[in-house]
Amino acid sequence: MHRYPRWPIHLALLAASFAMLVPFYWVLKTSVSGENIFAYPPSVMPKAPHLFYYVDVWYYIPFARYFLNSVVVSAIAVAANVVLNAMAGYALTRHFAGKGVVLMLFLSCMMVPFQATIIPAYLITGKLGLLDSYLGLALPQCSTIVCIFVFKASFEAVPQSLIDAACIDGLSEWGIIWRMMIPLAKAAVATNVILSFIWSWNNFLWPLIVTRSADMQTLPLGLARFLSYQEDTTGALYAFCIMVLAPGILLFLLAQKEFIEGLTSGAIKA
Amino acid sequence: MSGSEVSRPLWHRLLVNRFTIVLASIALVVAIWNAYIALHDHGVVEGRVVDAAGQPVEGATVVLWVLDFTTFVEKTRAITDVDGRFVIHGNDSHNIQIEAEKIGVGRARRVPVRLYFKAEDVRLPSPLVLAGSG
């Protein structure tokens, strides 16, 4: 039995949810009706909804090509994040000389914005011969410090006695990570997948700089290109936004339970 | 991992989970949609032309306009038969307009027709009505 009534909390949560969902609803409504968002009085329900704005988007720009590019780049980023961050996260749970310095270095690097490192990142990618390639597009996002700490928090929750038992049984460090830690850290894996996917999927600045041919552009660049082509495309523009957002929302909805577990696993560690 | 999950064989766990089911469902819908497109993308536009009294008009010229980036351009023409029917082949657009005219009978306003994919076969739901002096 609760000491205080719960309805004020639920009311506040409902109000917050409403405030957060209304913009999404408005984008969805405009994408199927094309109504001007500045129209007054605004209509809550779409008038004569149809899907032709989605058809327009599909044909005005090479949407399928941009979608494929975004999928490939995001897949590379997600795979690299899971593998590299798991290894880094496990290393940070072990004791070694200079561990404190490494942790401080990681934390301080989080404060450096990507825009500040974009020129060296471009030069390195160029030297590697990866400009205008899928690997080059994914390279700066192949490991993120936040996700390393998500793995670190998750691995630290595993009892040391379990790791010691694995060592006694002859399992190598590599085996401990992939055969013991990762199966126990599904929530951290899901968090890594979702965060790295969304960051890669929505990235605009790096693909803008590193791509040279139109065939290598990703969806955010396609949106900018679409805006430059069309001037009066309220409905089509919003349809494009929905088509770009949909995969990220779908992935989040599929893995939201593990995602929330992954983000809170460090917070509730005993 | 729950006990029931462990008891299931690996292939079952890989196939029967929400990720696989959702992605497979999307793939199935895409495959069905593409099959439908493949069967209905001959670029045929059919319809009828009638006069103000609702009588079929023979020999009316029907013009197909297609969207060319931002403006509509004339693509092709057809002539109606004795029943006022016309069939236009070679539409390769998803956003078209149809116009009809016969000198001495009148002209039908351009009718916008939106299609769900390029070259979709379409039959106009209502006839084009020639009105005015022509």
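In helix 10 of chain A, Lys186(A), Ala187(A), Ala188(A), Ala190(A), Thr191(A), Val193(A), Ile194(A), Phe197(A), Ile198(A) and Trp201(A) meet a set of residues in helix 13 of chain A. That set is Pro247(A), Gly248(A), Leu251(A), Phe252(A), Ala255(A), Glu258(A), Phe259(A), Glu261(A), Gly262(A) and Leu263(A). Two residues are in contact if their C-beta atoms, placed from the backbone, lie within 7 Å. Helices (H or I, at least four residues) are DSSP runs, numbered from the N terminus.

This is a predicted model: local features need pLDDT of at least 70, side-chain atom pairs count only at pLDDT 80 or more, and totals for chains, interfaces and linings use all residues. Residues are numbered from 1 along each chain as its sequence is written, while chains are lettered from A and ligands numbered from 1 in the order in which they are written.

**Helix 10 with helix 13**
- Ala, Val, Leu, Ile, Met, Phe, Trp, Tyr, Cys and Pro count as nonpolar, Asp, Glu, Lys and Arg as charged, and the others, Gly among them, as polar.
- The axes of helix 10 (residues 186–202) and helix 13 (residues 234–264) of chain A come within 7 Å and cross at roughly 140°. Axes are lines fitted to C-alpha atoms, for helices over the stretch in contact, and angles run from 0 to 180 degrees between N-to-C directions.
- The crossing is left-handed (the near helix is turned anticlockwise from the far one by less than a right angle; clockwise is right-handed).

**Helix 3 with helix 10**
- Helix 3 (residues 63–93) of chain A packs on helix 10 of chain A at about 140°, with the axes 8 Å apart.
- This crossing is right-handed.
- Residues of helix 3 in the contact include Ser70(A), Ala77(A) and Asn85(A). Helix 10 contributes, among others, Val189(A), Ser196(A) and Trp201(A).
- By class, the contact has 8 nonpolar, 7 polar and no charged residues.

**Chain A with chain B**
- The contact takes 4 residues from chain A and 8 residues from chain B.
- Helix 2 (residues 52–60) of chain A gives the largest share of the chain A side, 3 residues.
- That side divides into 4 nonpolar, no polar and no charged residues.

**Chain B and confidence**
- Val29(B) lies in helix 3 (residues 18–39) of chain B.
- The model scores ipTM 0.85 and pTM 0.81.
- Chain B averages a pLDDT (the predictor's confidence in each residue, from 0 to 100) of 90, and 94% of the residues score at least 70.

Technical notes: Helices (H or I, at least four residues) and strands (E, at least two) are DSSP runs, numbered from the N terminus.
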